[in-house]
Amino acid sequence: MSKVYVLHENPEWTVHLTKRLEELGVPFEEWYVPDGHFDLDSTPPEGVFYSRMSASSHTRDHRYAAEYTSAVLLWLERHGRTVINGSRALQLEVSKAAQYLALQSAGIQTPRTVVAVGKEHILDAARQFSGQPFITKHNRAGKGLGVQLFHDISALTAYVNGAEFEEPVDGITLVQQYIQSPESYITRCEFVGGQFLYAVRVDTSGGFELCPADACQIGDLFCPVGEQVDAKPKFQIIDGFSDEMIDKYERFLRANEIQVAGIEFIRDSQGTVYTYDINTNTNYNSDAEAAAGVFGMQKLAQFLQEQLVVSARV
């Protein structure tokens, strides 16, 4: 029987989806892919394949999960299977440099970013910002890995030469223009089936690590979310959100064969919008969704159900 296959390496981020699939009576199977093997000459089963591979998989001791999943997705695509968030989505998931180049090609503005490998080159890259504040981040990130704000080269020098320096898993550090927003929040737009679902305002006054997953709230030290600042929720779905960026994002997702994503942007004091992150392994915050009465995993399960019906007709 044809079914939905959910490819992942983190059960904590998948259980909410599988519960929704069970509620709908959708036949599914989890493909746990932190490692494994498959024969390139074999034929994959019939069905719909949804990849939830994450850029942060290496932080869970799954160093080569993304590379392995990339090969699996190419194999599935070679055989014409219906793949949700396939090889192109994963390519962008594991490289912010690739994200920015793709966004720029679509006419979407990103912060100025310099790519660097090696500590001396990180310092050289930072000097190009002429005394302005800047951010460092990992090229292959997730969970805010390597995100640090600096106001001068001396502070960066102490960091990269100190014990606290985080070596990126792919060796690439990004040095990026710091966008000063008049208010301490960013906006994250969620998409299912390539269509806008909702926007969430994320309070950044507590830091840059902005993963909305519930699992992060219960002990993931890299992702301290769910805290409240002055009794305000960190994540809040914006009622009736409308912005010209939505059309641009939907076109971008179609062009890059991405069906499920969260895209984050920030607006500076002059009103200029900078898009700085695409998360193709998007998670949702249950408190924010319960308050708004809209549920991302439910919509995603319904979308996968629809895709399974369509694939069965082909």
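Predicted model: local features only at pLDDT ≥ 70, side-chain atom pairs only at ≥ 80, totals over all residues.
Helix α1 spans residues 15–24, and its buried residues are Leu17, Thr18 and Leu21. Viewed down the axis of α1, these buried residues fall within an arc of 95°, so they line one face of the helix. Glu22 and Glu23, on the other side of α1, are exposed. The cover over the buried residues of α1 includes the strands β1 (3–8), β2 (28–32) and β3 (47–51), together with helix α9 (296–313). Just after α1 comes Gly25, which adopts a positive phi of about 75°.

Within β8, Gln176 is the bridge partner of Thr113.

Turning to the open sheet, its 5 strands follow the order β11-β10-β9-β12-β13 with antiparallel pairing. β11 (235–237) and β13 (273–279) form the edges, each pairing on one side only. On average, neighbouring strands of this sheet are turned by 30° against each other, direction ignored. Between β10 (residues 195–203) and β11, the antiparallel pairing extends over 3 bridges; Val200 has Ile237 of β11 as its bridge partner.

Two helices pack on this sheet. Helix α7 (residues 245–255) touches β9 (185–192), β10, β12 (260–267) and β13, and its direction makes about 50° with that of β9. Helix α9 packs on the sheet as well, touching β9, β10 and β12, with its direction at about 25° to that of β9. Helix α9 is also among the elements that cover the buried residues of α1.

How values were computed: Residues numbered from 1 in each chain as written. Heavy atoms only, no water. Pairing = 2+ DSSP bridges. Helix = DSSP H or I, 4+ residues; strand = E, 2+ residues; numbered from the N terminus. Buried < 20%, exposed > 50% of the residue type's maximum accessible area, 1.4 Å probe, protein only. Arc of directions from axis to C-beta. Contact = heavy atoms within 4.5 Å. Axes fitted to C-alpha atoms, helices over the stretch in contact; angles between N-to-C directions.
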